[in-house]
Amino acid sequence: MIEETEVIKTDFYLKLASEADMETVLHDFYKQDTETTVDEETGEETTTNVGDPYLVSNTSDYAIDVVGTLHEPTGNTLTDEDGMEYPEMQAMTGWHVNIRLTGDAMRDTVETLDTSHGVTPEAPMRVWL
Amino acid sequence: MSNPTKIYNDYVRANLPSTMTFDSTTVRYDINNHSFFKFKKSNWYFKYITKFGYASLSAYAVNNFDPDLVFDFKQNYYRTGGTATTLSSAVTHARAGQATMVDSDGLLKWAPHNLLTRSEELNLWPQIGTGSVVVDNAVAPDGTTTAATLTIGSTNFLRYILSSGTYTAGDIITYSFWARSDTVTSIGFGINGGASTGNNAIYANLAVTSTWNLVEFEFTILETDASLYYIIGKQGDNPVNNQLGDIEIWHPHAYRSDLGGMVNNSATGNSYVPTTSSAVYLPRVGHHIYNGDAWVNEGVLHESEARTNLVTESNVFTVVGSSTVTANSGVSPTGETNAVLADTVASSNSNAILLPTYNVTAGTSCTVSFYVKNVAGNGFLAFFFRSNSPTNQTKLWFNLNTGEKGTQGANGGTTSVSDFGITDVGNGWYRLFVVGADSNQTILNSFIFSALSDNNSNRDGNGEVLIYGAQAEAGLTPSSYIPTSGSTVTRAAETLTVPAANLPYPTPVETTGTELVTNGTFDSNTNGWTGFNATLSVDSNRLKVTNTASFGQAIAQTFTTVSGKTYLVTGDLIAGNVDGYINVNEGQYGSGIFNGTSDRTSTDTSFSITFKAVSHITKITLVNFFGSIGDFNLWDNVSVKEINPPDLSIQMDGRISYADTGSFGTVRLFDWTLDSNNGIIANITTEGSFDGQIYFTQEAAGVVDNVNSDAFNIGINVPFNIASRHGSGFINGSISGTALTANTTPSALPDLSSTNLDLGKIFMGTIAQFRMWNEDLTDAGIEEAST
């Protein structure tokens, strides 16, 4: 087996504490539209935010898949009134985000995030096609 | 041994008629502004025009204007700047992973891609053992000197490249390259796992001869991994040692070859896709849709939305009652024998076939789809969209004999269905879809069964269907198939960006050439100019405008204009210590025609402003944007000339799938936007009561003008053909050959000369053709263009 090559990751699996952390942790991927107005008498410029910050989830350098809450089987099988069996599921902790890099523009940022929030699932529950 | 095809092609290309040329870059035959992939067709056209005479215009011309930009995704022909070019040069495509499409044979396949990086840079592949490589060293199969020569100096020599991505156990990959050698008769190659060892025993030894042959090795991923090493030479577990000598290698590539295989790269007509630092996933050019009789090339399949198949095993179905499912019982839409035979078996109402369960957010609309083909019985299929009880289910029926959807039952319990449909995909197969939600439950487990008739819940005991490829995705329409095996899978969003340099933004053309500004070069004085809160002086043959107050400094000059005519203002700002810009006003004291405040700048800038006059006198003002007393700017080469107004026209056709989202931008066919104040856009809106109103919009300096029409109805693969014309005095659109009523209120065309255009910005469907002219086609022209 070849071992000496440094593996350059393209797929990153991040686990945030909650959805509320999205904008803070991934702030480099958020964009805030602004509007600048000028006081006609003083010339003073005022820049104000327009709308809410939004996640830019796709560029030529990366793609972001906000997986959100993952669910896993409890091991129990439930049966509904039609006799149909289905696995009982339970929510897993955390808020999950997958990032695929296709260019290097955001590599440093994502690798830093990987250090702070990255996980290495043995069998990822969400993958890229 | 010689290659007879190559000999034939070389001969033909060396002996073309004098009016025909072969473009080795596009690999097409060009004649009379037409381009052909095959010599046979090109020669037919040559004979036709020889007999009937040459035409100076191409087949893309409208109203005697040939478009400078043509993207003909159906004919695989691309033109920018009036010259034929390649797809990759014409438009920038991005998608961060795989996608599926339908090829000309009607099979569901992978879009063209290459998982193997550095495909033409074998010198960048690391090496083990003794040997070397020289790239661009040997004559390749296409006659170019682009093949690499590998010198194998040891029995354990190998070169390898790491490929990161999604490698799931069960995936089938083909690893391939061209090879020839005068000194060795066999080449070993294979893969190693990137992180796991489960894929380390995959290798092959294939014969090599002195003629070029495409060496191919198909293998199955044995263990899921996030990367693989692709190896040329003796792979570690391979017991066969290398033969020593030289071998020539060309175009190594690796691609998914399960489903129906991979569609060929439209640029080369074969499976090779060039790569550099990362895997490449090409646009889905040549996507076919079944029209009930044949598979029709609809151009490029473009899906701007990312979609996730929430089903973790898309081709695994289970049963309830005594119904049965039997895997691998028929040929699926991929051409593989992996369709599942679903036999309702008996009339018991407890019998059914379960679609795979999936998790959703309660209240979120999802589209559930799968492929089905009737085998036996009455040909009616019932689909119960449900969560986990007979109360929470909505019943729907499909007629597989006629390919029509049947009855939609009442929404049941917490479930609701907003749409459902059936699409003929050929060979007796249909793709069914149901758009529904459950306001309370998070696990959905719909089921199907063969029904006795429409709107009948009694089972057809003789009913048998083949089923394949279940998909559940958040969204209101079904998207292209996303196969899954063990996890949910996301197909990334894709973009098509036309670089500004490829767009034919019109260049203003002077009419009389008469200069309307007196003394715009300031060679010796400031005659003709008046200061306001400013002193004017000449500084090295430039006008110096110095503030005498803290705001409102300006100078102005009036000149004669003709109302309704178009004029071009140009002027060079040599920046001093305050922002500068140009205003245009009606008359000496009239209202503004063009307010340049938002264009103000503190750097040297050449301004270019187009405006339509509204009176017989117009004034331009060179403005110092506030500042202090003593602040200044310098100006030179200030000019105003009448011009023929810059106009442009756009045409686009294809098919779209969309639902009623209630938003203004449900579909955005194209988006050519500089900023929040300047752009040209074509939207389809479902806002309010509309279910397909098209809006052609142009905005210049914050002034928005549009024309619109309620043109389309929501649906799957809805055909559209639209065209629009834009100018400083008008905007109009046309839908399927019928022009709207022109809006003549615009006073300016936005300056988009340096702005990229997003094609299919919000778009799920196919684009057949996109054309642009830097001319006004007129209303008759856009009617012809959209026909």
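Setting aside residues within four places in sequence, Ile722(B) is in contact with quite a list of partners: Ile650(B), Gln651(B), Met652(B), Leu669(B), Phe670(B), Ile694(B), Phe696(B), Phe712(B), Ser734(B), Ile735(B) and Ser786(B). This is a predicted model. Ile722(B) also turns up in the largest nonpolar core, a set of 43 residues, where it is among those that touch the most other members, together with Phe71(B), Met652(B), Leu669(B), Phe670(B), Leu759(B) and Phe770(B). In soluble globular proteins, nonpolar side chains tend to be buried together.

Now for Thr766(B), which sits in strand β63 (residues 764-773) of chain B. Thr766(B) has a relative accessible area of 1%, and buried means under 20%, so Thr766(B) is buried. Beyond four places in sequence, Thr766(B) touches His287(B), Ile289(B), Glu298(B), Val300(B), Leu301(B), Asp653(B), Gly654(B), Arg655(B) and Phe720(B).

Ser639(B) belongs to strand β53 (residues 632-644) of chain B. With a relative accessibility of 12%, Ser639(B) counts as buried too. Its contacts, again leaving out residues up to four places away in sequence, are Glu515(B), Val517(B), Leu568(B), Val569(B) and Thr570(B). With Glu515(B), the link is a polar contact between the two side chains, at 2.6 Å.

Notes
Residues are numbered from 1 along each chain as its sequence is written. Chains are lettered from A and ligands numbered from 1 in the order in which they are written. This is a predicted model: local features need pLDDT of at least 70, side-chain atom pairs count only at pLDDT 80 or more; totals for chains, interfaces and linings use all residues. Side-chain values use heavy atoms; hydrogens and water are left out. Helices (H or I, at least four residues) and strands (E, at least two) are DSSP runs, numbered from the N terminus. Buried means under 20% relative accessible area, exposed over 50%, partly exposed in between (1.4 Å probe, protein chains only). Contact means heavy atoms within 4.5 Å. A nonpolar core is a set of buried Ala, Val, Leu, Ile, Met, Phe, Trp, Tyr and Cys residues joined through side-chain atoms within 4.5 Å. A polar contact is a pair of N or O atoms within 3.5 Å; within protein, one must be able to donate a hydrogen and the other to accept it, and residues adjacent in sequence count only if both atoms are side-chain atoms.
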